[in-house]
Structure formats: structure tokens, C-alpha cells
Amino acid sequence: MDDDSRVTRRRVGDAEARRANRGWWDADADDYQAEHGGFLGDVDFVWCPEGLREADARLLGDLSGRRVLEVGAGAAAAARWLATQGAWPVAFDLSAGMLRHAAKAADTTGVRVPLVQADALALPFADRSFDIACTAFGAIPFVDDSAALLAEVHRVLRPGGRWVFSVTHPIEWI
Ligand SMILES: C[S@@+](CC[C@H](N)C(=O)[O-])C[C@H]1O[C@@H](n2cnc3c(N)ncnc32)[C@H](O)[C@@H]1O
């Protein structure tokens, strides 16, 4: 039975939200990969639980030679797939636990991409340094201020760059 009487709501600052978010994903990383890793693959770009793949959808456009930022990459299967398509991907995630899975998959597949531990709200990248940014369910649903996240992605994209993301539509849970 749900016991809502013990739930309280209060505003938290950036630092506390980041700490809680990272702690949760670090704790959940092994379970997340055990549950979803097979479906996501090691070198594959799956946009959503419905199984739409970038190989079919081509939402990112031409990838050859493009600098691509994968936001909230988790185990970074998508970034590894992008590397096999001639792109220059960088994968980042807030969680060291998730990035450990990315490093392990790099060893098992031999496909290596730069892995960075960073918060999507404070990207350690120069202005206009990527042609494309993308994420399948990474970071956006987990930050307090998604508008600030969009502004950071905008900052690191070159003018005219492309930003494609998937998140759960609320209707999914009904
Ligand atoms: C649902 S998982 C998706 C991971 C991956 N994109 C995939 O398709 O499996 C969400 C990811 O977002 C990351 N994340 C959450 N908040 C973040 C933040 N503020 N900055 C960067 N990554 C974040 C989590 O650590 C986690 O790896």
C-alpha cells in the first residue's frame, strides 16, 4: 500500500539535486544494464522501448565526420554505433556507475569513444564544439531545470547544429 503521508516536498538546490541524481544512478547502474543492456545492445542506437533505431530513422542526418555529443549516454552503445558510422562522438554521463559499463563495453567490443563524467547542466565543452547532440532518455527527465539543460546543449552546438532527443510521453504511463 502506498503511504503518501510520509512524503514531503521541498525545493532543493542544484548541488543537492545533482548529488541525489548521481547517487541514484550509481546505485541503479548494474540493475539498469541487467534489465536493459540486452535490448540496447553493445553497438547500437535504439531511440525508445518501441525499438526505433537510428539506422532506420536517420533522425541525425549525415554522420560522416560529424562531431556528435551523446547526452546522458549511460553505457554509450549509441555513441559506439555512431563511431562505426564515421562520426566523432563524445559520450558523457553524470554517473560513474553507468560510465563503468561504457568502459567495459569498449573493452568487449573494441569500439572506443571518449567518455566524460559531467552534468548536463554544466557541460565541460567549448561553445559551438559539436555539429549534433542527441540522447535516448538521458539526463532530460532527471534534472530539475530542463530549460537550463536545453540552453547548455544550445551553447555547445554550432549554429545550425542538430539536437534530437527522446523522452517518455506522459501518455505512456496511463
Ligand atoms: C534512462 S538512462 C538512459 C541511458 C542511455 N541513454 C540509454 O539509452 O540507455 C538515463 C541516463 O541519464 C543520466 N543522467 C541523469 N541525469 C544526468 C545529468 N544531469 N547529466 C548527465 N547525465 C545524467 C543517468 O546517469 C543515466 O545514465
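Select helix H3, residues 77-84, and find its buried members: Ala77, Ala78, Ala79, Arg80, Trp81, Leu82 and Ala83. Here, buried means that 20 or more other C-beta atoms, placed from the backbone, lie within 10 Å of the residue's own. Helices (H or I, at least four residues) and strands (E, at least two) are DSSP runs, numbered from the N terminus.

Two notes before going on. This is a predicted model: local features need pLDDT of at least 70, side-chain atom pairs count only at pLDDT 80 or more, and totals for chains, interfaces and linings use all residues. Residues are numbered from 1 along each chain as its sequence is written.

**Stay on H3.** Now show H1, E1, E2, H4 and E4: the buried residues of H3 pack against them. Step just past H3 to Gly86, which has a positive phi of about 90°.

**Next, the core.** The largest nonpolar core has 43 residues. Such a core is a set of buried Ala, Val, Leu, Ile, Met, Phe, Trp, Tyr and Cys residues joined through C-beta atoms within 7 Å. Select Ala76, Ala78, Leu82, Ala91 and Ala102, which touch the most other members. H3 supplies the largest share of this core, six residues.

Center on Ala102. Beyond its neighbours within four places in sequence, Ala102 contacts Ala73, Ala75, Ala76, Ala91 and Leu115. Contact means C-beta atoms, placed from the backbone, within 7 Å.

**Now the helix pair.** Select H1 (residues 14-40) and H4 (residues 96-109). They pack at about 40°, with axes 7 Å apart. That angle makes H1 oblique to H4. Axes are lines fitted to C-alpha atoms, for helices over the stretch in contact, and angles run from 0 to 180 degrees between N-to-C directions.

Color the meeting residues. H1 brings Trp25, Asp26, Ala29 and Gln33; H4 brings Ala96, Gly97, Met98, Arg100 and His101.

**Last stop, the ligand.** Which residues are the closest to the ligand? Select Trp25, Gly72, Gly74, Ser95 and Ala120, out of 20 that surround it. A residue counts as near if its C-beta atom, placed from the backbone, lies within 6 Å. H1 and strand E4 (130-136) each give two or more residues to this shell. H1 gives the most, with three residues.

Definitions and conventions: Parallel < 35°, antiparallel > 145°, perpendicular 65-115°, else oblique. Contact = placed C-beta atoms within 7 Å. Buried ≥ 20, exposed ≤ 12 C-beta atoms within 10 Å, placed from the backbone.
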